[in-house]
Amino acid sequence: MIAGQAYEQAATALLCDCGCHPQSIKECACGRAEELRVALAKDVAAGRSGDEIIAAYVARYGQKVLVAPPATGFNLVAWTGPAIGLLGAAVMITLMIRRWHRLSAALPAETVPPSSAMDEAYLARLRHDVEESR
């Protein structure tokens, strides 16, 4: 691997440990990132490949130093979790909409207005009750 490619691979794969917003060593603009870039350049000048440099940093600091966790083991949750969550939400919303549609179809469209004979009987009773209350 060409030295420039090894440097690029390591600088884009490793996080700067400065404590500010998580960025790769290549993208971060802090002083600590500059120190790390110098250290990476020394490693590349010593003949180490990008993979070797990354493996050394992971061995020393753990997987938290990587920009993106590898898609193996428990880290698969980080890669597949959001997709599974979105799919589950879409299924739930679809089922709820279907249920609401079924329930609305089962209800009568509108209540039938009472017949005029019932209206007349109600009005007669109402008039009678009003007359009695006076």
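Trainee: How many salt bridges does a search of the whole structure find?

Mentor: Side chains of opposite charge can pair when their charged atoms come close. In this predicted model, the search of the whole structure gives four salt bridges.

Trainee: Which side chain does arginine 32 meet in a salt bridge?

Mentor: Arginine 32 meets glutamate 35, with 3.1 Å from N to O. Both residues belong to helix H2, which spans residues 31-45. They lie three residues apart there, so about one helical turn separates them.

Trainee: Are arginine 32 and glutamate 35 buried, exposed or partly exposed?

Mentor: A residue is called buried under 20% relative accessible area and exposed over 50%, with partly exposed in between. Arginine 32 has 30% relative accessibility, so it counts as partly exposed. Glutamate 35, at 49%, also counts as partly exposed.

Trainee: What is the N to O distance in the salt bridge of arginine 37 and glutamate 34?

Mentor: For arginine 37 and glutamate 34 the distance is 3.2 Å, N to O. Because these two residues are three apart in helix H2, about one helical turn lies between them.

Trainee: Which of the classes, buried or partly exposed, applies to arginine 37, and which to glutamate 34?

Mentor: Arginine 37 is at 16% relative accessibility and therefore counts as buried. Glutamate 34 is at 41%, so glutamate 34 counts as partly exposed.

Trainee: Which residue forms a salt bridge with arginine 48?

Mentor: The partner of arginine 48 is aspartate 43, and the closest N and O atoms are 3.6 Å apart. A salt bridge here requires the nitrogen to be within 4 Å of the carboxyl oxygen. Arginine 48 counts as partly exposed because its relative accessibility is 29%. Aspartate 43 has 17% and so counts as buried.

Trainee: What does the domain assignment of the protein chain give?

Mentor: The assignment gives domain 1 as 2-68 and domain 2 as 77-133. Taken over C-alpha atoms, the centres of domain 1 and domain 2 are 61 Å apart.

Trainee: Which residues form a nonpolar patch on the surface?

Mentor: The patch is formed by Ile93, Met96, Ile97, Trp100 and Leu103. Together they have about 530 Å² of accessible area.

Conventions:
Residues are numbered from 1 along each chain as its sequence is written. This is a predicted model: local features need pLDDT of at least 70, side-chain atom pairs count only at pLDDT 80 or more; totals for chains, interfaces and linings use all residues. Side-chain values use heavy atoms; hydrogens and water are left out. Patches are made of residues with over 30% relative accessible area and no salt bridge: like charges are joined within 9 Å, nonpolar side chains (Val, Leu, Ile, Met, Phe, Trp, Tyr) within 5 Å. Accessible areas come from the Shrake-Rupley method with a 1.4 Å probe; for residues, only the protein chains shown count as cover. Domain bounds come from an automatic or database domain assignment. Helices (H or I, at least four residues) and strands (E, at least two) are DSSP runs, numbered from the N terminus. Buried means under 20% relative accessible area, exposed over 50%, partly exposed in between (1.4 Å probe, protein chains only).
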